[in-house]
Amino acid sequence: MIQIENVHKSFDGHSVLKGVSLTIPEGKVLALIGASGCGKSVLLKHVAGLMTPDQGRVLIDDQDIGSSKGKPLRALRERLGFLFQGGALFDSMSIFENVAFPLKEKTRLSDALIRSRVFDELERVGLAGSEFKYPSQISGGMVKRAALARALVRDPEIMLFDEPTTGLDPVIGDAILKLIDACHQKLSFTGIIVTHEIPKVFSIVDRVAMLHEGTVKAEGSPQDISASEDPAVQAFVGKEFREA
Amino acid sequence: MTYKGSFATLRPMNAVRKLGAYTLGHLYRMGTMGLFLVRMLAYTVIPPVKLIRLLKQIRFIGFQSLLVIFLTGAFSGMVLGFQGYYSLSRFGSEAFLGPMVGLSLIKELGPVITALMVTGRAGSAIAAEIGIMRISEQVDALELMGLNPYRYLMVPNFLAAVICLPLLTSFFDVVGIFGGYVIGGKLLGVGPGTYFMEMANYVEMSDIMEGIYKSLSFGVIISWVCCFKGFYTSIFTGFGAEGVSKATTQAVVLSSVLILVWDYFMTSLLF
């Protein structure tokens, strides 16, 4: 379970998060929506322990990730998978090496087993045949899928997705969302998806939270959020619905 | 009038405030840099060392620098051969060309020029590589896999630099001494016996060790500064390609300056 308790964060005197509190129960997926620059990715980085809050805390199974250091922090992160907005693949490694890297470094699996596991994972995300290409040789959608394979290869308990469909065409974007949903069905991870894909993302998540001016403006089931009469929520969700 | 008056009082205060912020900023950077070195040294002595990555960096910093070290060593020795011969011949002391070339190279020019060459060739590349990894979130990805970036990125570079610098310096010295002999011995007529025997008489083991100690410390400086500048790219030098470019430039400039400053202190201590 992920508990975000009263998290505040400022950069150079500018407040980005002003007391955000959210709870994501085990096995559930939350979509985090909101206007660009409202602090969604910043909040996600707090959950991953890449940033520490100025005030408040983020608990992962009752363990404060912000105050954890050294081995306890690494142990917490080993349970996490993170899909970066740009993929963050190691550009000097092939797709195969990228996906195999966490297995080689953090498990004692044999080379043959790692090879078969990586090939399976790449097939699952539709990258069979591109194993030995480098990140610079493949498209943006393929980079996202390779990054997803790398994030999922160790069967994480918690998955964090930072705008997984940004910059992709609608067909590839849909395919990525379906892939995330299929992986969730299989692995039952607890997840947070930062996204602008409204209403498409509503069909694959359990809860939706909207960040507005540094606070949680609305939280509930996708149906609750769609039916919300709050003007700020309507201005955002309603507009997206109309465009869809 | 009131408006102008308030500006007049504010300007000196703003200047003091800016000076204070500038000083604090520099102190913060120096402290961060010091802590970075401590962490890098700590993870160097705490196993495991990533052996494959270490060998890769030894190949990059050491083996791939051999050609540039050969060329700079040969031409530095040849210049010393010319300059030394003409200077010594004024006093009728051409026979001491060997010791002059040997001591100059072994104690001073070898370690310093080798370190400056490695900074330009490998140090800049290290800073750029880590900087690009930082801005493209590859360092964050490493951390999120539960892996320690110091162990993966800094320690192999640090160990490779500390291992390679003395070896490259020795190679530079040998090539330089033969370069000096080609000019002094073959071109200007100082016999090989005189050149090498006088060198053997005057160059002592302590002179050779002085050069080795210097090159070891230069290895620490290069890996420390270049890894630090790359690792803190988005924090201290800005974002994107411009941030990486600034970090790389700063890494080369700061390493080169520190090498020369530290060389002075080492020479004073070991003189």
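Helices (H or I, at least four residues) and strands (E, at least two) on this tour are DSSP runs, numbered from the N terminus. This is a predicted model, in which local features need pLDDT of at least 70, side-chain atom pairs count only at pLDDT 80 or more, and totals for chains, interfaces and linings use all residues. Residues are numbered from 1 along each chain as its sequence is written, while chains are lettered from A and ligands numbered from 1 in the order in which they are written.

**Stop 1**

Select chain B. You'll find 10 helices and 0 strands. Along the principal axes, its C-alpha atoms fill a box of roughly 80 × 60 × 30 Å.

Now colour by pLDDT, the predictor's confidence in each residue, from 0 to 100. The chain B mean is 92, with 96% of its residues at 70 or more. Among its elements, α8(B) has the highest mean (96) and α9(B) the lowest (82).

**Stop 2: the proline pair**

Go to the loop between α1 (2–45) and α2 (51–61) of chain B, where B:P48 lies. The peptide bond from B:P47 to B:P48 is cis, with omega near 5 degrees. Most peptide bonds are trans.

**Stop 3: two positive phis**

Next, pick B:E137, in the loop between α4 and α5 (138–144) of chain B. Though not a glycine, B:E137 has a positive phi of about 65 degrees. B:E137 is buried, because 22 other C-beta atoms lie within 10 Å. (Buried takes 20 or more other C-beta atoms within 10 Å of the residue's own, exposed 12 or fewer, partly exposed in between, with C-beta atoms placed from the backbone.)

Then jump to A:D12, in the loop between β1 (2–11) and β2 (14–24) of chain A. A:D12 isn't a glycine either, and its phi is positive, about 50 degrees. With 4 C-beta neighbours inside 10 Å, A:D12 counts as exposed.

**Stop 4: helix α10 of chain B**

Select residues 240–270 of chain B. The 31 residues of this helix should span 45 Å at 1.5 Å a residue, and the end C-alpha atoms are 43 Å apart, which agrees; the expected span is 1.5 Å times one less than the number of residues. Highlight its buried residues, including B:G243, B:V244, B:L254 and B:I259. The buried residues of α10(B) pack against α4 (97–135), α8 (205–231) and α9 (233–237) of chain B. Contact here puts two C-beta atoms, placed from the backbone, within 7 Å.

**Stop 5: a glycine in chain A**

Centre on A:G39, in the loop between β3 (29–34) and α1 (40–48) of chain A. A:G39 counts as buried, with 25 C-beta neighbours inside 10 Å. Not counting residues up to four places away in sequence, A:G39 touches A:V16, A:L17, A:L211 and A:G214. Draw a distance to A:E213: A:G39 is 174 residues from A:E213 in sequence but 8.4 Å away in space, C-alpha to C-alpha.

**Stop 6: where the chains meet**

Show both chains. Here 10 residues of chain B are in contact with 14 residues of chain A. The chain B side divides into 4 nonpolar, 3 polar and 3 charged. (Ala, Val, Leu, Ile, Met, Phe, Trp, Tyr, Cys and Pro count as nonpolar, Asp, Glu, Lys and Arg as charged, and the others, Gly among them, as polar.) For the complex, the predictor gives an ipTM of 0.85 and a pTM of 0.85.
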